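Trainee: Could you walk me through reading this structure, one feature at a time?
Mentor: Gladly; let's look at it together.

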Amino acid sequence: MYLKGGLVNLILVGRNPDKLKDVFDTIKVKYGKIEIKTVVVAFSGDLDEGVKKIKEIIEGLDIGVLINNVGVSYPYARFFH
Ligand SMILES: NC(=O)c1ccc[n+]([C@@H]2O[C@H](COP(=O)([O-])OP(=O)(O)OC[C@H]3O[C@@H](n4cnc5c(N)ncnc54)[C@H](OP(=O)(O)O)[C@@H]3O)[C@@H](O)[C@H]2O)c1
């Protein structure tokens, strides 16, 4: 989630572009003012490409909250940035 213009906006990450589009549309219908970006990333195998994509999409944004629903992470705690 990132902050802009007093709103909490969203970046949705998942493997499936159709599912991301469904979620994007559902949230947009209900909360039209929210800015939503989507990024297709599979958190399996080599993570470098996925991490690079996420770095590009969050560039310059004020990320406030990370919800890691995939449950994949480093094997130890690290600062997000
Ligand atoms: N369900 C349970 O009973 C349960 C119980 C205890 C803990 N948990 C934990 O709660 C979290 C969510 O569970 P859930 O059952 O809702 O999981 P899920 O449906 O498999 O996945 C949750 C989200 O993560 C995305 N995702 C899953 N695997 C991914 C991958 N390899 N790469 C990129 N995105 C991926 C899915 O989107 P896409 O499919 O579009 O990629 C989905 O939006 C997990 O960390 C799980 O371990 C679940």
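**Reading the fold and the ligand site**

Mentor: The protein has 2 helices and 4 strands, where helices are DSSP runs of H or I with at least four residues and strands are E runs of at least two, numbered from the N terminus. This is a predicted model, in which local features need pLDDT of at least 70 and side-chain atom pairs count only at pLDDT 80 or more, while totals for chains, interfaces and linings use all residues. Residues are numbered from 1 along each chain as its sequence is written, and side-chain values use heavy atoms, with hydrogens and water left out.

Trainee: What pattern does the protein follow along the sequence?

Mentor: The order is β-β-α-β-α-β.

Trainee: In which sense does β2 pair with β1, and in which with β3?

Mentor: Two strands count as paired if DSSP finds at least two bridges between them. Strand β1 (residues 2–4) runs antiparallel to β2 over 3 bridges, and Lys4 stands opposite Leu7 in β2. These two strands form a hairpin with 2 residues between them, and Gly5 in the turn has a positive phi of about 60°. With strand β3 (residues 36–40), β2 pairs in the parallel sense over 5 bridges; there Ile11 stands opposite Lys37 in β3.

Trainee: Which residues surround the ligand?

Mentor: A residue is near a molecule if one of its heavy atoms lies within 4 Å of it. Here the surrounding residues are Gly14, Arg15, Asn16, Lys19, Val41, Ala42, Phe43, Asn69, Val70 and Gly71. This shell divides into 4 nonpolar, 4 polar and 2 charged residues, with Ala, Val, Leu, Ile, Met, Phe, Trp, Tyr, Cys and Pro counted as nonpolar, Asp, Glu, Lys and Arg as charged, and the others, Gly among them, as polar.

Trainee: How far is a ligand oxygen atom from an N or O atom in the side chain of Lys19?

Mentor: For the Lys19 side chain the distance is 2.6 Å. A backbone N or O atom of Phe43 lies 2.7 Å from a ligand nitrogen atom, and a polar backbone atom of Asn69 is 3.1 Å from a ligand oxygen atom. The protein covers 46% of the 860 Å² of accessible area that the ligand has on its own, by the Shrake-Rupley method with a 1.4 Å probe.

Trainee: What does the C-alpha trace span along its principal axes?

Mentor: About 35 × 25 × 20 Å.

Note on methods: A polar contact is a pair of N or O atoms within 3.5 Å; within protein, one must be able to donate a hydrogen and the other to accept it, and residues adjacent in sequence count only if both atoms are side-chain atoms.
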